[in-house]
Amino acid sequence: MASSPTFPPQGPRQDLLLRQGFVDRVRYARSKNPSTATPWDRFVALSLAVRDQIVERWIETQRTYYERDVKRAHYLSAEYLLGRALRSNLHALDMYEPYRKVLGEIGIDLDELCEQEPDAGLGNGGLGRLAACFLESLATLSLPGMGYGIRYEFGIFEQAIRNGYQVERADEWLKFGNPWEFARPEYTVPVGFGGTTMHVPNESGGFKVIWSPATKVVGIPYDTPIAGYRTNTVNTLRLWAARADQEFDFSLFNAGDYLRAVEEKNHSEVISKVLYPNDSFEIGRELRLKQEYFFVACSIHDIVWRYKKGHADFSVFSDKVAIQLNDTHPAVAIAELMRVLVDENGLEWDEAWRHTVAAFGYTNHTLLPEALERWPLGLFQRLLPRHFEIISEINRRFLREVMSVFPHSPQHLARMSIIGDGHEKEVRMAHLAVVGSHSVNGVAKLHTDLIKSQLLKDFFELFPERFNNKTNGVTPRRWLLECNPGLATLINERIGQGWETNLDRLIELEPHADDPEFRTRLTTIKMENKLTLARLVHDMVKIRIDPQSLFDVQIKRLHEYKRQHLAALHAVTLYIRAKRGEDVQPRTLIFGAKAAPGYRRAKLIIKLIHAIADTVNSDKRQSAIRVVFLPNYRVSLAERIIPAANLSEQISTAGMEASGTGNMKLSMNGALTIGTLDGANIEIRDAVGDENFFLFGLTADEVTARRQERFTGRRAVDGYPLLAEAVELIREGFFCPEEPGIFDPLVEDLLGYDPYMVLADFSDYAHVQNKVEQSFRHRDDWTRKAALNIARVGGFSSDRTIREYAREIWGIEPQPITSLRDPSIVPGDHPDPV
């Protein structure tokens, strides 16, 4: 049940109120006249005016949750790739067109104003974007929930390209402030590191543990409202910033030691400076562990504090609190909650453990064993001595359970222990997450099956009832309504409104796929989006691309298993064919990706793509193929690329992609997919139909078999002369003559073990790409396939995913906010409403 939204009056009075609110904010918040205000002043003023309307709903939402004593979901994520907020909030309030009209009357273009906003880049890729979609869906569905994370000062880096190489620069998204957030310095949380523990007798004849940290920092919460679409519900994203326990040592300053006077401040604040510090070094690993514990400690403190505001004891804690771990980064929260319940609130171990397991759910997002966090025992014990004790006790009790189920099997004990006893002892955070959660879910059907059969096979045999699948989804508000208004308008004309919150209604478009007029409109909208992107490409990288060409798009985090180098190799073969005078379908290959700063091979692939692009784009003897790499890929750039895409490249090595969400966004906007049977590709293909999906490549089982037989890429090259020629051009330095041998490590990997099956899959990939060419030449039929993709992807809304989490894992119910009360009337014993 959706809440009945309460919005300002319509008509001339509304126009007057909106105009006056905006002008007042320019004057009183920015100290400017409307005529002298800068674009940034106007952006901030409009954001604050919109925020005012959201805050009333926000206060009422939190008040309602408190008064009804509802169970809430608390989402712990190291990443939130939020993107821009102004346009989203305007659409949520149904105020986009009214503000466009009012601002237009005073000479201000609303779209240009929205472009002033920097991306809130608090994430690296799909993990953070998924978290953002989930929070938006929680609010849209009027479900009581709250997000917790870190307020990274610099977030994900800003990517620049110099001579084809990625260069990282600080992403100063907070340089001019953030108009959407509220600092809450009155709710700071102390967080300790290191020190010692002391076991002392307690009143009941047992003992209690006192942890005396060696150092402390404080966490300051910053709250951002997350508005539901056309509802009164506004949930909260609380991000924590680290500050020094003592920011300034006045005695050192007076003694002339000015640097040491602020040393503690600098050491403390680095914890929330940057998303994912480079952990190639010991100091980077230590900082990363500090980051994870810092935000977990602050968040658990906040969750328990909110619970205790309305309850005298912990008897119903897990009936009122659900906590979801978004991957393994926050898994130490399990030990932290046990510490808080046992050490600080006096619960017996068994009762505390029962509530902990019942409260926690764990979402696994990766099948890569190296991505399942493991902390060196010495580092973990030194930084978090009490948590190591707690984890050791959890592990001791757990291994007893393992022994009872798998007697006489030391192999099970070794494989399943939370504390690994290998070459270097380590704390296995994924194991802790599974043991301490009542629910463990994957994010696509294949992914979940592989978790059960391979990644966490032993745990599935022990706890089969805990494992379940929740296929990812994306919010259609941002990824269709906002980023593709032309398509959204066409959908409204054909099936009416309401699909934005019930995406299954898109199936009503299916009969229209056979309507020539509908296909003509769809073709026109796609061309308009391609023209817009072509202008952006020229502005960004000074390359002219043909909007009539096939826009072949691969936009995602750069990793070898995602196989951007497979598409790059294909670009080389297309270039060779075009140079030979073959009839090659004009194609523009568009890449967007960031590589982790310490991931050298991924950065070399970026260099390869640029080297190919420089050669191909400058060769006047062919014009069919263009290669474009758009730097600094981010949410706002994705919103421009996705509506213009014809072909969606989802070509990861089968069995390695957990789900993917870019595949959903692109299909939702009418791009056809070329992809492997990996992640959510399988479910997308089932939904849109085999004939509307270009399938290629080895299956997950076939990949495993090839690896076991030690397949080498040279075998694939020997049987494919065109591929051999492409690889040899790269090896001999044709694309980068000024740096001979630069790509040798990449070529040697491909011709050798070829771990990601790039060359093994190339023949089938190229064959299916030929089918893509032939299909695109028949534009009307291509458009029909695109229409069917749009019509059949209703199941990939994040609303559907969140309903499943709410019903099957969290046990929370919608709490519609049916009206807004006077915010000044607050009961005296009411806690802070936000």
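Leaving aside its neighbours within four places in sequence, which residues is Ala430 in contact with? The partners are Thr328, Tyr362, Leu372 and Glu373, where contact means heavy atoms within 4.5 Å. Ala430 lies in helix α17 (residues 429-435). Helices (H or I, at least four residues) and strands (E, at least two) are DSSP runs, numbered from the N terminus. Ala430 counts as buried, because its relative accessibility is 3%. Buried means under 20% relative accessible area, exposed over 50%, and partly exposed in between, with a 1.4 Å probe and protein chains only. A distance of 42 Å separates the C-alpha atoms of Ala430 and Lys771, which are 341 residues apart along the chain.

This is a predicted model, in which local features need pLDDT of at least 70, side-chain atom pairs count only at pLDDT 80 or more, and totals for chains, interfaces and linings use all residues. Residues are numbered from 1 along each chain as its sequence is written, and side-chain values use heavy atoms, with hydrogens and water left out.

Next, a helix. The buried residues of α4 (residues 96-105) are Tyr96, Pro98, Tyr99, Val102 and Leu103. They sit on the same side of α4, because they cover an arc of only 160° around the axis. That arc is taken from the directions from the helix axis to the C-beta atoms. An α-helix has 3.6 residues a turn, so residues three or four places apart point the same way. The buried residues of α4 pack against α1 (12-30), α2 (39-68), α3 (86-92) and α5 (110-114). After α4 comes Gly107, with a positive phi near 80°.

Positive phi also turns up outside glycine. Ser31 is not a glycine, yet its phi is positive, about 55°. Ser31 lies in the loop between α1 and α2 and is exposed, with a relative accessible area of 64%. Asn163 is not a glycine either, and has a positive phi of about 55°. The loop between β5 (158-162) and β6 (165-169) holds Asn163, which counts as exposed at 54% relative accessibility.

Now the strands. Three of them form an open sheet in the order β15-β17-β16, with antiparallel pairing. β15 (374-376) and β16 (419-420) stand at the edges with a single partner strand each, so one side of each has no neighbour in the sheet. Two strands pair if DSSP finds at least two bridges between them. β16 and β17 (residues 426-428) are antiparallel and pair over two bridges. Ile419 stands opposite Val427 in β17.

Elsewhere, β23 (residues 647-650) and β24 (residues 672-675) run parallel, joined by four bridges. Leu647 stands opposite Leu672 in β24. In a regular strand the side chains alternate between the two faces of the sheet. Both faces of β24 are covered: Leu672 and Ile674 are buried on one side, Thr673 and Gly675 on the other.

On a 1 Å grid over the protein atoms alone, a cavity is a set of points where a 1.4 Å probe fits but cannot get out, and a pocket is an open set with protein on both sides within 12 Å along at least five of seven lines; lining residues have an atom within 4 Å of a point. Grid points are joined across faces, edges and corners, and a volume is the space filled by probe spheres set on the points.

The second largest pocket has a volume of about 930 Å³. Its lining has 35 residues, with Arg87, Tyr96, Leu481, Glu482 and Pro485 nearest the centre. Elements giving two or more residues to this lining include α3, α4, α20 (476-482) and α22 (516-541). α21 gives the most, with five residues. By class, the lining of this pocket has 10 nonpolar, 10 polar and 15 charged residues. Ala, Val, Leu, Ile, Met, Phe, Trp, Tyr, Cys and Pro count as nonpolar, Asp, Glu, Lys and Arg as charged, and the others, Gly among them, as polar.

There are seven cavities of 30 Å³ or more. The largest cavity has a volume of about 490 Å³. Of its 35 lining residues, Leu82, Arg84, Ala85, Ile226 and Arg478 are the closest to the centre. The lining of the largest cavity divides into 18 nonpolar, nine polar and eight charged residues.
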